[in-house]
Amino acid sequence: MKFCLAFNGQGIQNSEILMEFIHSHTEYSELISATNVNIGEDIVSLLKNQELLHRVKHAQILAFFMNHCAYLLLREKYKLYPSIVIGHGLGHYNALVSSESITYENAIKIVKRRAELAEQIVEQSDGIGMLS
């Protein structure tokens with residue numbers, strides 16, 4: 001079966017869904033460890049802190065991580081392999097990882113830096129925010 005998989009951008013992160021995924025899929029502990037090392041923070045701690053969840057720099061990392069978890073679940077549990085992958089905004093990085101154009105480790109580093117820059121823009125914009 002051929003299908004296209006579209007990855008969303010920031011705004012899809014959901015702490016309850018991610019926590020449930022982490023607790024029910026212990027086989028992804030290496031992914032969590034790689035994420036923690038590359039972002040310099042503990043992703044589970046971020047998920048437990050509602051204040052941090054709403055900061056741009058954390059929201060983008062969590063959205064990227066959530067997209068990747070969903071992709072792995074489709075691929076490994078349901079044996080679904082997309083013929084085409086696309087991404088919207090932040091989701092472009094998930095599309096690059098799932099198409100094996102870049103590694104997850106390199107992508108999370110890029111996403112972390114992108115998120116830091118986005119947060120700086122938001123902080124300097126007098127509450128206007130940003131579009132990407």
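**Exercise 1.** In this predicted model, describe how α5 and helix α6 (residues 91–98) pack.

*Solution.* Step 1: α5 and α6 pack at an angle of about 35°, and their axes are 9 Å apart. Step 2: the crossing in which α5 passes α6 is right-handed. Step 3: α5 contributes Phe64, Asn67, His68 and Tyr71 to the contact, while α6 contributes Gly91, Tyr93, Asn94, Val97 and Ser98. Step 4: sorted by class, the residues of this contact are four nonpolar, five polar and no charged.

**Exercise 2.** Determine how helix α1 (residues 15–24) is oriented against helix α5 (residues 56–76), and list the residues that make the contact.

*Solution.* Step 1: the packing angle of α1 and α5 is about 50°, with the axes 11 Å apart. Step 2: angles of 65 to 115 degrees count as roughly perpendicular and those under 35 degrees as roughly parallel, so α1 is oblique to α5. Step 3: α1 and α5 cross with left-handed sense. Step 4: the contact consists of Ile17, Leu18, Phe21 and Ile22 from α1, with Leu62, Phe65, Met66, Cys69 and Leu73 from α5. Step 5: these residues of the contact of α1 with α5 comprise nine nonpolar, no polar and no charged.

**Exercise 3.** Classify cysteine 4 and cysteine 69 by accessibility, then state how many disulfides the whole structure has.

*Solution.* Step 1: buried means under 20% relative accessible area, and exposed means over 50%. Step 2: cysteine 4 has 42% relative accessibility and is therefore partly exposed. Step 3: cysteine 69 has a relative accessible area of 2%, so cysteine 69 is buried. Step 4: searching the whole structure gives zero disulfides.

Terms used:
Residues are numbered from 1 along each chain as its sequence is written. This is a predicted model: local features need pLDDT of at least 70, side-chain atom pairs count only at pLDDT 80 or more; totals for chains, interfaces and linings use all residues. Side-chain values use heavy atoms; hydrogens and water are left out. Axes are lines fitted to C-alpha atoms, for helices over the stretch in contact, and angles run from 0 to 180 degrees between N-to-C directions. Helices (H or I, at least four residues) and strands (E, at least two) are DSSP runs, numbered from the N terminus. Angles under 35 degrees count as roughly parallel, over 145 as roughly antiparallel, 65 to 115 as roughly perpendicular and the rest as oblique. A crossing is left-handed if the near helix is turned anticlockwise from the far one by less than a right angle, and right-handed if clockwise. Contact means heavy atoms within 4.5 Å. Ala, Val, Leu, Ile, Met, Phe, Trp, Tyr, Cys and Pro count as nonpolar, Asp, Glu, Lys and Arg as charged, and the others, Gly among them, as polar. A disulfide is a pair of cysteine sulfur atoms within 2.5 Å. Buried means under 20% relative accessible area, exposed over 50%, partly exposed in between (1.4 Å probe, protein chains only).
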